[in-house]
Amino acid sequence: MDFLAADSLPWLGESQERIRRAAAAGRLPHSMLLLSAAGLGAENLGHWIAAFALCESAGRPCGACPSCLLLRADNHPDLNVLRVDEDARQIKVDQVRGLIESLELKSYRGGYKVGVIEGAEALNANGANAFLKTLEEPTQNTLLIMIATPSHRLPATIASRCLRIGVRTPSPEAARSWLSTHASSAAPAASWDSALMLAGGAPLLAAQLDPQRVRTLDEEMRASMERLTANSVDVTVLAEHWAKSDPALRLAWLENWITGRVYAGLGIADSVETAERTRLPAALLKPKIRGLFELLDALREFRRFASTGMNQQLALEALLLGGRAALAK
Ligand SMILES: [Zn+2]
């Protein structure tokens with residue numbers, strides 16, 4: 001993981017400054033929990049903090065001292081990185097034990113011992129609780145950095161013992177201007193709006209999209225939803241088409257679109273960020289909005305399990321049928 005890249009992600013600057021200040025005051029904590037949505041570079045920040053602790057030079061992390069060079073070669077003996085195995089859903093307790101043991105060993109280069117856990121929400125309760133002793137009785141010069149999404153379900157006994165660092169989504173203006181100078185697609189700043197919407201405002205996710213293609217998809221999806229609402233489309237054909245071409249992007253688009261409908265129905269302004277917070281008691285809602293909420297729940301459930309080998313086309317068809325009913329109400 002490229003820790004130097006953190007310096008080119010301006011929205012991480014505040015967190016970097018916080019670490020520098022804590023270290024200058026001699027209060028660099030032994031454990032941190034970085035809370036971030038996907039696509040904001042929280043992993044880059046986590047590895048930047050690891051490099052900050054391990055760097056052996058001034059102006060750390062310098063990128064050039066023996067420790068930084070070992071980090072850049074992914075070969076530093078005092079850094080241990082944990083993430084979920086590709087074929088697994090959880091971080092295994094054995095992996096956790098390995099990390100804890102490595103933190104207890106003497107440092108090879110005489111400085112810090114650092115553990116980074118990427119995707120810490122993939123720790124199960126046993127795995128997470130195995131860290132309790134490490135967190136309660138940290139040994140000198142150890143640093144544990146966990147990275148998780150804000151909706152993680154890590155046990156409070158663990159999360160509360162870490163310094164929490166929240167990575168905030170940059171403003172749309174800041175994200176657009178970063179994309180226009182850093183993304184590989186050479187597109188003017190304004191053309192990134194749709195891609196940013198689909199990416200939930202996360203610049204690193206938006207950067208992987210082609211703004212032109214996103215705009216075409218946007219137009220096509222709008223037309224499809226009009227036809228679905230008017231009941232003038234064959235749901236089976238539409239589901240087949242979606243399943244074959246960019247299903248994940250279409251589902252992200254649909255979530256935004258339904259969220260927009262919900263806001264319009266509630267008479268509040270549209271916002272990507274507040275989507276998760278709009279949880280109102282169902283009894284208070286008009287039937288139409290309640291239907292949209294149910295659709296939103298079904299869609300989120302679908303997105304969560306979309307990669308687990310279910311029959312996408314059949315599931316999409318069911319979702320579209322539910323959508324048609326909710327929109328017609
Ligand atoms: Zn260095």
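**Entry 1**

I started at Met-146, which touches Leu-33, Leu-34, Ile-117, Ala-120 and Cys-162, leaving aside residues up to four places away in sequence. The model is a predicted one, and I read every contact below with that in mind.

I then looked up where Met-146 sits in the packing. Met-146 is among the residues with the most contacts inside the largest nonpolar core, together with Leu-34, Ala-50, Ala-51, Leu-54 and Ile-145. That core has 76 residues. Helix α2 (residues 42–54) gives the most to this core, with 9 residues. The core lies between domain 1 (4–166) and domain 2 (210–328), because both give residues to it.

**Entry 1: the chain as a whole**

I noted the overall numbers next. The chain has 15 helices and 5 strands. Its C-alpha trace spans about 70 × 45 × 35 Å along the principal axes. Of the 329 residues in the chain, 32% are buried. I also looked at contacts between residues at least 6 apart in sequence: 75% of them join residues at least 24 apart.

The domain assignment gives domain 1 (4–166) and domain 2 (210–328). I have their C-alpha centres at 37 Å apart.

**Entry 2: confidence**

The average pLDDT of the chain is 88, and 93% of the residues score at least 70. Where does pLDDT stay under 50? I found this over residues 272–279, for which the model has 7 contacts beyond four places in sequence. Where pLDDT is low, the predicted coordinates should not be read in detail. I left residues 272–279, with pLDDT under 50, at that.

**Entry 3: helix α15**

I checked the length of α15 (residues 312–328) first. Its 17 residues should span 24 Å at 1.5 Å a residue, and the end C-alpha atoms are 24 Å apart, which agrees.

Which residues of α15 are buried? I listed Leu-316, Leu-319, Leu-320, Gly-323 and Ala-326. They cover an arc of only 125 degrees around the axis, which puts them on the same side of α15. An α-helix has 3.6 residues a turn, so residues three or four places apart point the same way. Leu-314, Ala-325 and Ala-328 are exposed on the other side of α15. The cover over the buried residues of α15 includes α11 (211–229), α12 (235–244) and α14 (287–305).

α11 has 19 residues and reaches 27 Å from its first C-alpha to its last, close to the 27 Å expected at 1.5 Å a residue. Pro-211, Val-214, Leu-217 and Met-225 are buried in α11. They are on the same side of α11, because the arc they cover around the axis is only 105 degrees. These buried residues pack against α9 and α13. The face turned away from the buried side carries the exposed residues Thr-216, Glu-219, Ala-223 and Glu-226.

In the loop between α11 and α12 I found Asn-231. Asn-231 has a positive phi of about 55 degrees although it is not a glycine. Is Asn-231 buried or exposed? I counted Asn-231 as exposed, because 10 other C-beta atoms lie within 10 Å and the cut-off is 12 or fewer.

Asn-141 is in the loop between α6 (132–136) and β4 (142–148). With 16 other C-beta atoms within 10 Å, Asn-141 is partly exposed.

**Entry 4: Trp-253**

Trp-253 is in helix α13 (residues 247–266). I have Trp-253 as buried, because 22 other C-beta atoms lie within 10 Å and the cut-off is 20 or more. Which residues does Trp-253 touch, not counting those up to four places away in sequence? They are Leu-198, Leu-217, Asp-218 and Met-221. Trp-253 and Leu-198 are 55 residues apart in sequence, but their C-alpha atoms are 5.7 Å apart in space.

**Entry 5: helix α8**

Last, I went to α8 (residues 172–182), where Ala-175, Arg-176, Trp-178 and Leu-179 are buried. Their arc around the axis is only 165 degrees, which puts them on the same side of α8. Glu-173 and Thr-181 are exposed on the other side of α8. I noted α9 (193–198) and α10 (203–206) among what covers the buried residues of α8.

Methods:
Residues numbered from 1 in each chain as written. Predicted model: local features only at pLDDT ≥ 70, side-chain atom pairs only at ≥ 80, totals over all residues. Helix = DSSP H or I, 4+ residues; strand = E, 2+ residues; numbered from the N terminus. Expected span 1.5 Å × (residues − 1). Arc of directions from axis to C-beta. Contact = placed C-beta atoms within 7 Å. Domains from an automatic or database assignment. Core = buried A, V, L, I, M, F, W, Y, C linked by C-beta atoms within 7 Å. pLDDT = per-residue confidence, 0-100.
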